[in-house]
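This report describes a helix, a sheet and a loop residue in turn. The sequence and structure are shown below.

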Amino acid sequence: MGSFKEFASRQKEGFLKGAYLSDFNREEAEIENILKSRKARRRELFLKKIPLLFLHRDEILHNPDYANIKVDFVFDKPYGFPSGIPCEISLSDLLLLWDSEKFKSICDCGGVAVLTSFAGSPLTGSYTAHCSCSRCGFAFTVGRHQDTRKLNAPVRWVELLKMLSNAARVSAEKKASPVQIEALLEELEIKSSVGCA
Ligand SMILES: [Zn+2]
């Protein structure tokens with residue numbers, strides 16, 4: 001029986017040809033690709049359903065099964081995000097973050113739009129942010145020179161980053177809900193249609 005040190009040195013010397021390991025590595029790459037495309041699909045679905053989430057905002061905040069769903073697909077970990085915490089905000093903490101004027105803009109329809117991603121510069125403090133309307137679902141950007149729309153309160157990139165990381169810190173303390181976001185959205189749609197009937 002060799003020690004782990006000997007094993008590691010055999011690996012380093014290329015003694016192991018990776019006969020079986022290559023299968024494992026291929027599977028890992030496939031899993032990573034699937035998770036990446038799931039994240040993109042979930043984000044697209046979620047952004048489309050922001051008006052639905054706002055209709056049921058209070059219900060979500062008061063039901064831990066809904067409130068504690070991790071929505072790790074909304075914000076792509078921005079540059080400068082603390083490495084010690086996952087960028088996995090819970091649905092209720094996201095809704096509370098959206099209460100801040102710094103995470104809001106006004107849509108052409110007059111509805112409140114909320115910030116759904118941002119990127120920027122630590123040097124200049126400038127940023128570009130994507131927003132989605134909570135009334136009509138329209139998506140637009142703010143922060144570029146040619147954009148006339150702005151966030152409702154003046155803010156610098158580092159402040160957005162701090163608010164997002166604080167929310168993620170709070171979320172990390174909570175046990176994630178076993179409910180999938182897809183199930184919640186379907187349930188809310190059914191409730192809305194029953195309510196309208
Ligand atoms: Zn709108």
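Two strands are counted as a pair if DSSP finds at least two bridges between them. The model described here is predicted.

## Sheet

Strand 2, residues 112-120, and strand 3, residues 127-133, are joined by 7 bridges and pair in the antiparallel sense. One of the contacts across this pair involves phenylalanine 118, whose bridge partner in strand 3 is alanine 129.

The two strands belong to an open sheet of 4 strands, ordered 1-2-3-4, with antiparallel pairing. At its edges stand strand 1 (104-106) and strand 4 (139-142); each has a single partner strand, so one side of each is left without a neighbour in the sheet. From one strand to the next, the twist averages 35 degrees.

## Loop between strand 1 and strand 2

Aspartate 108 sits in the loop that links strand 1 to strand 2. Is this residue, aspartate 108, buried or exposed? Aspartate 108 has 11 other C-beta atoms within 10 Å, and a residue counts as exposed at 12 or fewer, so aspartate 108 is exposed.

Lysine 77 lies 31 residues from aspartate 108 along the chain, and the C-alpha atoms of the two are separated by 29 Å.

## Helix 1

Helix 1 covers residues 4-12. Of its 9 residues, the number buried is 0, so helix 1 lies largely in the open. A residue would need 20 or more other C-beta atoms within 10 Å of its own to count as buried.

Glycine 14 follows helix 1 and has a positive phi, near 80 degrees.

How values were computed. Residues are numbered from 1 along each chain as its sequence is written. This is a predicted model: local features need pLDDT of at least 70, side-chain atom pairs count only at pLDDT 80 or more; totals for chains, interfaces and linings use all residues. Axes are lines fitted to C-alpha atoms, for helices over the stretch in contact, and angles run from 0 to 180 degrees between N-to-C directions.
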